[in-house]
Amino acid sequence: MLLPITSPHFRHLINPITSPPHSLMARAITLAAHFSPTPIFPKPWTDRMISHSVKGSSSFGNWVASGFGKGGDFNVFGGCTSNVVCNGGGSGSGGFGGGDRGFRKLSFKKKLKKKDKELELCVRILIEEGLPDDDNEILSISEMLRSNATEAMKLALEGLKDSKHKTRDTSINDVGRFETIELSLLLCNDEFIQTLNKEWRDEDHATDVLSMSQHIPELKLPILMLGDIVISVETAARQAEERGHSLLDEIRILLVHGLLHLLGFDHEISEEAEEEMEKEEELLLKNLGWKGKGLIKSAYDTENGSSLSKYPDSDDRKKEGSLRFYRPKFKFIFCDMDGTLLNSKSQISLANTNAIREAMSRGVQVIIATGKARPGAMEVLRTVDLVGIDGILSESSPGVFLQGLLVYGQQGQEIFRRNLDPKFCREVFLYSLEHKIPLVAFAGDRCFTLFDHPRVDSLHSVYREPKAQVMPSVEKLLASTQVQKLIFLESPDRVTTTLRPYWSEATGDNASVVQALPDMLELVPLGTSKGNGVKLLIDHLGVTPNEIMAIGDGENDIEMLKLAALGVALSNASDKAKAAANVIGVSNDEDGVADAIYRYAF
């Protein structure tokens, strides 16, 4: 089905362009940078373009190749009508490159004997700015498409001669009257193609391929602006995996489908039209020697036995395994552990682990910012192989520990340490002995206590903190080490009704009271926080808050959440942490860290 839509986004495109237009489609044209196998992208917008022209014989005359357009010029027919064509999983609209001129091109010329007339096929391959610069597979596929697209155009146009199709729109028929035929092919991710669907079709979902016809039969021009084909590489990759062929194979299939739509085929108008287009897809793929079934046949097979979903989820969460198709928004992710990265069983889920690994593979550094001691954090992360050179924590990596009281920088060097006053520590331990409330002192990589207790044991067995060494007296404990923080271990009710009210007053100018978990109350040096520790670390690393995202749940995460460009509090977070965050994620028992990474980090 063809829906004529007038595109207001092209009306303001003039020659030359002096500033990027607001339209996503216009921007995909105007902000294209020159493409090379080792690309350099000097602008913050990084659409990349390959152009390809081919020369060859046809029933309509000779296919010829030559440069076209003038360097620096940009000519677009203002206010033109764009035909929106439903393709594969959905419809499209607008126009990316059908009217675009003037980019320097990588051209291919094939010299053939001239006949009566010469016809130039011009294909431009654009890579949308949202796709990463460093995906070698996408860059390689783009190079392959330089010749693939012109081959497909040539065979498809040859097939129009003496065509006996009953349902094809014959607006494009005798192409021999044109001097040039132009086609643009844009590779993008799901987010971009979903935006197009929402902007032009009021359908908020991604699709695999869209076709936007730029042909205006009433205009007697020497150039046939065939139109634009937009392909989501992200959806194509999922479909390729489920259909058992390569990403290049799937993109070729989508290219054929989109091209046939631009030539007047439309499988949606009737069963007969679907049958004709399906046969033409299969024939064209066979003649080109490309693998795979046509998109229509593949979709039919999917509906009759495959679990492949035609429409991905409509929210803005990226799919697992899809981050390769997106640019990171942040260089660093600072992540809390208890109540955030760890679920209610103090375990790291497979989903969280995989999301972290995927973010790391895209160059994002995940840094632990926790109330735990470093050995305790490493013990937990070791269970999912996230410790060491290929993980997120080691003795030579940066990190924020003990609520920001111990900070390690590059190469794991200690860059900050803050201790509690020994006199204050003695007062707290005497209170512990008097009221028989378990108390643990954290001192660097070690823990100390004055008596055994099941709650003290759980700190090691459940939370993986260093096993607390029992000291014979307060004096010997304080003489043997410097204490960074103290933790009372008690029932949530007693923490709330007894310990917190008392120590909020009794600490005076000696310490601050913080709480990460309901059954623990922490006393830390006054004026320190996890957020301060993160600030010290990013200053050490030469990073600004605008380059970091933070994920947390407790009151001890508030300053960190406020500091980051994007603070994500999980749904299980305290009310104060939620108030400090920019967004609220799902809970730690619902893989909240993974959800935050896939939803916000790219």
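**Entry 1: L255**

I began with L255, which counts as buried because its relative accessibility is 0% (buried means under 20% relative accessible area, exposed over 50%, partly exposed in between, with a 1.4 Å probe and protein chains only). This is a predicted model, so I kept to its rules: local features need pLDDT of at least 70, side-chain atom pairs count only at pLDDT 80 or more, and totals for chains, interfaces and linings use all residues. Residues are numbered from 1 along each chain as its sequence is written, and side-chain values use heavy atoms, with hydrogens and water left out.

L255 sits in helix α5 (residues 247-262); helices (H or I, at least four residues) and strands (E, at least two) are DSSP runs, numbered from the N terminus. I then listed what L255 touches, leaving aside neighbours within four places in sequence: L145, N148, A149, A152, L185, I229, I231 and W290. Contact here means heavy atoms within 4.5 Å. I also looked up L210, which is 45 residues from L255 in sequence and 9.7 Å from L255 in space, C-alpha to C-alpha.

**Entry 2: the whole protein**

I stepped back for the totals. The protein has 18 helices and 25 strands, and 58% of its 602 residues count as buried. Of the contacts with a separation of 6 or more, 70% are between residues 24 or more positions apart.

**Entry 3: positive phi**

Most residues other than glycine have a negative phi. I went looking for residues with a positive one. D202 has a phi near 60° and is not a glycine; D202 lies in the loop between α3 (190-201) and β10 (209-213). S346, also not a glycine, has a positive phi of about 60°, and its place is in the loop between α8 (337-341) and α9 (350-361).

Which of these is buried or exposed? D202 counts as exposed because its relative accessibility is 67%, whereas S346 is buried, with a relative accessible area of 10%.

My last stop here was helix α4 (residues 233-243), whose buried residues are V233, E234, T235, A236, A237, Q239 and A240. G244 follows α4 and has a positive phi, near 80°.

**Entry 4: the parallel sheet**

Strands of a sheet pair through backbone hydrogen bonds, either parallel or antiparallel. I counted two strands as paired if DSSP finds at least two bridges between them.

I333 stands opposite M549 in β23.

**Entry 5: the antiparallel sheet**

Next I turned to an open sheet of 3 strands, in the order β14-β15-β16 with antiparallel pairing. Its edge strands are β14 (399-401) and β16 (414-417), each pairing on one side only. On average, neighbouring strands of this sheet are turned by 10° against each other, direction ignored. Strand β15 (residues 406-408) pairs with β16 in the antiparallel sense over 3 bridges, and V407 stands opposite F416 in β16. Helix α15 (residues 530-541) lies across β14, β15 and β16, at about 155° to β14.

**Entry 6: pocket and cavities**

On a 1 Å grid over the protein atoms alone, a cavity is a set of points where a 1.4 Å probe fits but cannot get out, and a pocket is an open set with protein on both sides within 12 Å along at least five of seven lines; lining residues have an atom within 4 Å of a point. Grid points are joined across faces, edges and corners, and a volume is the space filled by probe spheres set on the points.

The largest pocket has a volume of about 360 Å³. Of its 21 lining residues, G339, A516, L517, P518 and D553 are the closest to its centre.

How many cavities of 30 Å³ or more are there? The count comes to 4. The largest cavity holds about 110 Å³ of space. Its lining has 17 residues, with D338, G371, K372, A516 and E522 nearest the centre. β20 (485-489) and β22 (520-525) are the elements that give two or more residues to this lining.

Notes
Axes are lines fitted to C-alpha atoms, for helices over the stretch in contact, and angles run from 0 to 180 degrees between N-to-C directions.
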